[in-house]
Amino acid sequence: MRKVKRQNLTAIIYDKRGRVISIGKNSYEKTHPSMLYFGRLVGQLKRPYLHAEISAITRCAQLDKAFLIEVYRINSKGEYVSSCPCEICASAISHTNIRYVKFFDIHNELKVVTVEELLSLHNLS
């Protein structure tokens, strides 16, 4: 049996003034009903673990003030690496007031895109 490499991701939601209003981390031990709901919306039913973006969204007490979400993954060398939200998380983000998404792309370059651009990356728009 092949061991799954676990990734540590963090998602931080900010309001328009740049104040942190929620922080979420991925979990390999628990999940949330939102994972299944948004997974069904995009046709992906096998994402059982809680993603950092969903964690941050569900923990956010001021979701109506959400403006930007940052998603980070740091490798064992302390370097920022690819952290683009998946289709499930992109769909969940699009159902909030969040307008911008900040992440590292597959080339480990920092990107800031609108939610519409993120959906377009996944052919969801």
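At 17% relative accessibility, Ser 82 counts as buried, where buried means under 20% relative accessible area, exposed means over 50%, and partly exposed lies in between (1.4 Å probe, protein chains only). The model is predicted, so local features need pLDDT of at least 70 and side-chain atom pairs count only at pLDDT 80 or more, while totals for chains, interfaces and linings use all residues. Residues are numbered from 1 along each chain as its sequence is written, and side-chain values use heavy atoms, with hydrogens and water left out. Ser 82 belongs to the loop between β3 and α3; helices (H or I, at least four residues) and strands (E, at least two) are DSSP runs numbered from the N terminus. Not counting residues up to four places away in sequence, Ser 82 touches Arg 73, Phe 104, Asp 105, Ile 106 and Asn 108, contact being heavy atoms within 4.5 Å.

The strands form an open sheet of 5 members in the order β2-β1-β3-β4-β5, with mixed pairing. Strands of a sheet pair through backbone hydrogen bonds, either parallel or antiparallel. Two strands are taken as paired if DSSP finds at least two bridges between them. The edges are held by β2 and β5 (110-114), each with a single partner strand, so one side of each is left without a neighbour in the sheet. On average, neighbouring strands are turned by 15° against each other, direction ignored. Axes are lines fitted to C-alpha atoms, for helices over the stretch in contact, and angles run from 0 to 180 degrees between N-to-C directions. Within the sheet, β1 and β3 pair in the antiparallel sense over 6 bridges, and Ala 11 has Val 71 in β3 as its bridge partner.

Helix α2 packs on this sheet, touching β1, β2 and β3, and its direction makes about 140° with that of β2. The helix (residues 52-59) is mostly covered, with 6 of its 8 residues buried. The buried residues of α2 are Ala 52, Glu 53, Ile 54, Ser 55, Ala 56 and Ile 57. Their cover includes β1 (9-14), β2 (20-25), α1 (33-41), β3 and α3.

The largest nonpolar core has 28 residues, and those with the most contacts inside it are Ile 13, Ile 54, Ile 69, Ile 93, Ile 98, Val 101 and Leu 118. A nonpolar core is a set of buried Ala, Val, Leu, Ile, Met, Phe, Trp, Tyr and Cys residues joined through side-chain atoms within 4.5 Å. Two or more residues of this core come from each of β1, α1, α2, β3, α3, β4 and α4, and α3 gives the most, with 5 residues. Ile 69 touches Ala 11, Ile 12, Ile 13, Glu 53, Ile 93, Ile 98, Tyr 100, Val 101 and Lys 102, not counting residues up to four places away in sequence.

Val 115 lies in helix α4 (residues 115-121) and is buried, with a relative accessible area of 4%. Its contacts beyond four places in sequence include Ile 93, Ser 94, Ile 98 and Tyr 100. The C-alpha atoms of Val 115 and Ser 91, 24 residues apart along the chain, are separated by 9.2 Å.

The structure holds 6 aromatic pairs. Rings of Phe, Tyr and Trp (its six-membered ring) pair if their centres lie within 6.5 Å; planes under 30 degrees apart count as stacked, over 60 as edge-to-face and the rest as tilted. Tyr 72 and Phe 104 form a tilted pair, at 6.2 Å centre to centre and 50° between the planes. This pair links Tyr 72 in strand β3 (residues 68-73) with Phe 104 in strand β4 (residues 100-104), 32 residues apart. Tyr 80 and Phe 104 form a stacked pair, at 5.1 Å and 5°. Tyr 80 lies in the loop between β3 and α3 (87-94) and Phe 104 in β4, so the pair ties together parts 24 residues apart in sequence. Tyr 80 is partly exposed, with a relative accessible area of 42%, whereas Phe 104 is buried, at 10%. Tyr 72, Tyr 80 and Phe 104 form one aromatic cluster.

The structure holds 0 disulfides, a disulfide being a pair of cysteine sulfur atoms within 2.5 Å. The sulfur of Cys 60 is 15 Å from the closest cysteine sulfur, in Cys 89, too far for a bond. Cys 89 is in no disulfide either, and the nearest cysteine sulfur, that of Cys 86, is 3.7 Å away. Cys 60 is buried, with a relative accessible area of 9%, and Cys 89 counts as buried at 0%.
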